[in-house]
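Hello,

Here is the structure we talked about. My notes follow below it.

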Amino acid sequence: MDFRRRMRPLPLSHVKITDRFWGARQRALIGQGLEHQYQQLVMTGRIENFRKAKRKEHGTFEGYRFNDSDAYKWLEACAYALAVDPNARIRERIDEVVQLIEEAQEPDGYLNTYVQVNHPEGKWRNLNSMHEMYCGGHLIEGGVAMLHATGDRRLLEIGIRFADHVASIFGPGKRKGYCGHEEIELALIKLADATGNESYRDLSEWMVLQRGTRPSPFEEELSDPVSNALAPFAKGLLCKDEVYTGEYLQDHVPVEEQSDVVGHAVRAMYLYIAAAEFAEKRPKIAEAMQRAWANLTQRRMYLTGGIGPSGDNEGFTFDFDLPNRSAYAETCAAIGLVFWGRKLLEFTGNGEVADTVERALYNGTMSGISLDATRYFYTNPLESRGEHQRVPWFACACCPPNIARMVLSVADSILSVGTQAGSPEIWLHIPAGLEADLGAIIPGARLVVESGYPWSGRVVVSVESQEALDLTLRVRMPDWCSNCTVDQPDGEPESTFLEGYLVLTRTWRTGDQVAFSFEMAPKWVGSDPRVLDNFGRAALTHGPLVYCLEDKDFGYAPQAFQPDLSAEPVFAYEPDFLDGVGTLQVEGQTLTQVASGELYGDFEPPTAVPTSARFIPYFAWCNRGPNGMAVWFEPSAVPQTGPEF
């Protein structure tokens, strides 16, 4: 990958999503999802904690030490919602919560209600586990989002005071320290962009480069009785055989030397988002980003874009360890992958990165939220026997507001703009339906994309302007698509193909349209045989979507179904089913076995019954209550070739 900034997203207020897939998800959040989350923030004490900090109560904090961050992420999502729809109720909720946060902040800028209420003497005494900077990072992100969406600076000013407080203690020539849970690094970059104060970017870069060097501040904390008392559980996460390794929080080696993605998956993604910002000027970071991306996407990522198979560390284990039923694949981790991929795209323009962003967007993240936006998954297995179910909230509720802010800012993953040799460029990473004001690069111009994606591969792009425009349109050719036809006015230059994108450089006049037809057909895919759970098995995809079989539709345990890979599945869009989804009818057989009445007895081979099964998109599973589900299947017949054994 060649690291040089090529593009940026448009302001969210300049992009209107008309796509029926993302539009429905955004409407669900604005209509009821964000209010549901607000009520959960109230009922679980997260909002009240700010009042307690204001009153200087002691020992009455409710919930986990990092619960402030849930309120900040919710505010960020609300800001994006206002960019999409100026909703008065959401505006009122924002005003209420921002005022509480402002009143809870201490005069020197410090803000963390857990520490303020329960451990006022413990400020900055335990960086490895207290999440002070992590929470503050989400505060800053919320403030930047509010500024861009509405022009409201109140939350941003709170974030600036917090950032200045951090900068007064940590940095070059001051105390060496950074957060055990990465987040503030990427937030400081956004703050620098929003304010023009480059000292915030410098502090972020210092934190990124200091991480993994020795002595580590976390090592020192593990020998500090006060720090250990604040987080007695930390040693079990940070040490192996009583020796500090740093892998859990990516502190094992400097970022420039990292190759494999290790430790807690969300932390790793947030670190790499910030690190990618400095890859253009630091070739060693660019090389590390390429190594880590390759390791993740080629050896440690689920077909759905889910990452982090283990619940023990909420993260990574070893290459090809991707069990299906026990997959942790935290929703926040897939969201982090989307955000890291978005940042890499800005600097590389590499279509393979966009392929992974799309995979995680439509599968690994969206499985984490119900169709009505009020119930959630924390973990996202690829197989269930009925034990997995969606719930309204979690004690550790990082995922619900995180997915809300991702869905409501999804335009940042779909469309980017840039310039090449002074000429404007439009990058369409995902051909979703939208209308965009291009005034940021072309005064008075608009882009319109008409699309039935992901159910249809037919996409029509037009640019509207009072004057003829010379610009370049780059439309990603998805990795799942084997053929694409481009239909444009006669006499226009043909498209070229570069780094995964179809490239059209032409003169646009109002009324001009270019139509893309991406060949979209059901496809059975396999995995590396070293992924033992999938050995000899196949999974079904259609366009960017991974499909699964639920016993709600099958009537039996889906593990008993064997698809006939020689019979092409039949696609049908069903507008009244699961809020409107495309289903695939698959021919195959069901293995049945008569129960002997004994737990163990003589083996009786199963019999096969011809069966047709309706597959649904993976993101939509478990929206009708808990039931069995599977993504990977053993085919009904395996060709026999080669020598006998």
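What covers the buried residues of α17? The cover includes α1 (20-43), α3 (68-84), α6, α13 (265-276), α15 (331-348) and α16 (351-365). Cover here rests on contact, meaning heavy atoms within 4.5 Å. Helices are DSSP runs (H or I, at least four residues), numbered from the N terminus.

First, the ground rules. This is a predicted model, with local features needing pLDDT of at least 70, side-chain atom pairs counting only at pLDDT 80 or more, and totals for chains, interfaces and linings using all residues. Residues are numbered from 1 along each chain as its sequence is written, and side-chain values use heavy atoms, leaving out hydrogens and water.

**Helix α17**

α17 spans residues 399-408. Of its 10 residues, 10 are buried (under 20% relative accessible area, 1.4 Å probe, protein chains only). R405 sits in this helix. R405 counts as buried because its relative accessibility is 2%. Beyond its neighbours within four places in sequence, R405 contacts K73, E76, A77, Y80, H138, E141, Y270 and F339.

**Helices α6 and α7**

The axes of α6 (residues 132-150) and α7 (residues 154-169) come within 8 Å and cross at roughly 145 degrees. Axes are lines fitted to C-alpha atoms over the stretch in contact, and angles run from 0 to 180 degrees between N-to-C directions. On the α6 side, the contact residues include G136, L139, I140 and G143. On the α7 side, they include L155, I158, G159 and F162. By class, this contact has 12 nonpolar, 4 polar and 1 charged residues. Ala, Val, Leu, Ile, Met, Phe, Trp, Tyr, Cys and Pro count as nonpolar; Asp, Glu, Lys and Arg as charged; the others, Gly among them, as polar.

**Pockets**

A pocket is an open set of points on a 1 Å grid over the protein atoms alone, where a 1.4 Å probe fits, with protein on both sides within 12 Å along at least five of seven lines; lining residues have an atom within 4 Å of a point. Volume is the space filled by probe spheres set on the points, which are joined across faces, edges and corners.

The largest pocket holds about 900 Å³. Of its 34 lining residues, P9, H148, K190, E346 and D412 are the closest to its centre. The lining has 16 nonpolar, 6 polar and 12 charged residues.

The second largest pocket has a volume of about 640 Å³. Of its 26 lining residues, T297, Q298, R299, M301 and R359 are the closest to its centre. α14 (283-299) gives the largest share of the lining, 6 residues.

Best wishes

Key: Helix = DSSP H or I, 4+ residues; strand = E, 2+ residues; numbered from the N terminus. Buried < 20%, exposed > 50% of the residue type's maximum accessible area, 1.4 Å probe, protein only.
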